[in-house]
Amino acid sequence: MTAARIWLSPLLVTLCLGALGIPFGCAGPPPAKRAQSDRTLAETAAAARTAFQQDRIDEAATLYTLALKRARALDQPSAIGDAAYNLAACLLRRHEYERASALLAEANHELARSDAPLADVLLLQARTAYLAGTGLAAGNFIHQLRTDSRSQPSAAHLGQAAMLEGQMACDRGDWVAATDLLQKARDVLGPEADALLQAQLVA
């Protein structure tokens, strides 16, 4: 009896290369979310964002650390959340998963305190947990991304979550689930799904 064959698309093969050491889901340039009322904080955050976008990660991390200290001194929940999130994104690029995880927990708390959407933080928490080797925690963050009313995810968030779940399925050798999840990402993101995946794999 001939075993059933599963066709693996080229993109699925690319997705599964993450299991061989290519870091999937690295954070992209941290977004400028809300204008800051404090001039020092705003200028520091803007300089940090520019450094990150120009791939000067160590400089960006230093500047976001200063921004976070300033935001904490001002006790501005949204500013603390933004700075902690962005610093975590820098640390994720440097593979400092434990520190990134702690900062994302702070970002989650502070953004919830300011009634801001949590989808960005939850997605980055899921990526960080996955890269740190804690797949169960990654799955929990993805579940919260989809179900928590405070999350308010966009189509892009859901598509990227499906890609991350697809990577996790690849790690388990579950090609059927991986194919299904990749198709879900394509259904949500359209043709941008392939380009997004390629960009994340080379980030």
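In the predicted model, residues A138, I142 and L145 of helix α7 are buried, where buried denotes a relative accessible area under 20%, exposed over 50% and partly exposed the range in between (1.4 Å probe, protein chains only). These three residues cover an arc of only 55 degrees around the axis, which places them on the same side of α7; the arc is taken over the directions from the helix axis to the C-beta atoms. An α-helix has 3.6 residues a turn, so residues three or four places apart point the same way. The face of α7 turned away from its buried side carries the exposed residues L136, H143 and T147. Helices (H or I, at least four residues) are DSSP runs numbered from the N terminus. This is a predicted model in which local features need pLDDT of at least 70 and side-chain atom pairs count only at pLDDT 80 or more, whereas totals for chains, interfaces and linings use all residues. Residues are numbered from 1 along each chain as its sequence is written, and side-chain values use heavy atoms, with hydrogens and water left out.

Helix α7 comprises 13 residues (135–147), which at 1.5 Å a residue should span 18 Å; the end C-alpha atoms are 18 Å apart, in agreement. The expected span is 1.5 Å times one less than the number of residues.

The cover over the buried residues of α7 includes α6 (119–131) and α8 (155–172). The axes of α6 and α7 come within 7 Å and cross at roughly 165 degrees, which makes α6 roughly antiparallel to α7. Axes are lines fitted to C-alpha atoms, for helices over the stretch in contact, with angles from 0 to 180 degrees between N-to-C directions; angles over 145 degrees count as roughly antiparallel. The contact (heavy atoms within 4.5 Å) involves A119, L122, L123, Q125, A126, A129 and Y130 of α6 and G135, A137, A138, F141, I142, Q144 and L145 of α7.

For α7 and α8, the axes come within 11 Å and cross at roughly 155 degrees; the two helices are therefore roughly antiparallel to each other. Residues of α7 in contact with α8 include A138, I142 and L145, and their partners in α8 include L158, A161 and M168.

Helix α4 (residues 77–93) has 17 residues and reaches 25 Å between its first and last C-alpha atoms, close to the 24 Å expected. Of the 17 residues of α4, 15 are buried, so the helix is largely enclosed by the rest of the structure. Just after α4, H95 adopts a positive phi of about 65 degrees.

Note on methods. Parallel < 35°, antiparallel > 145°, perpendicular 65-115°, else oblique.
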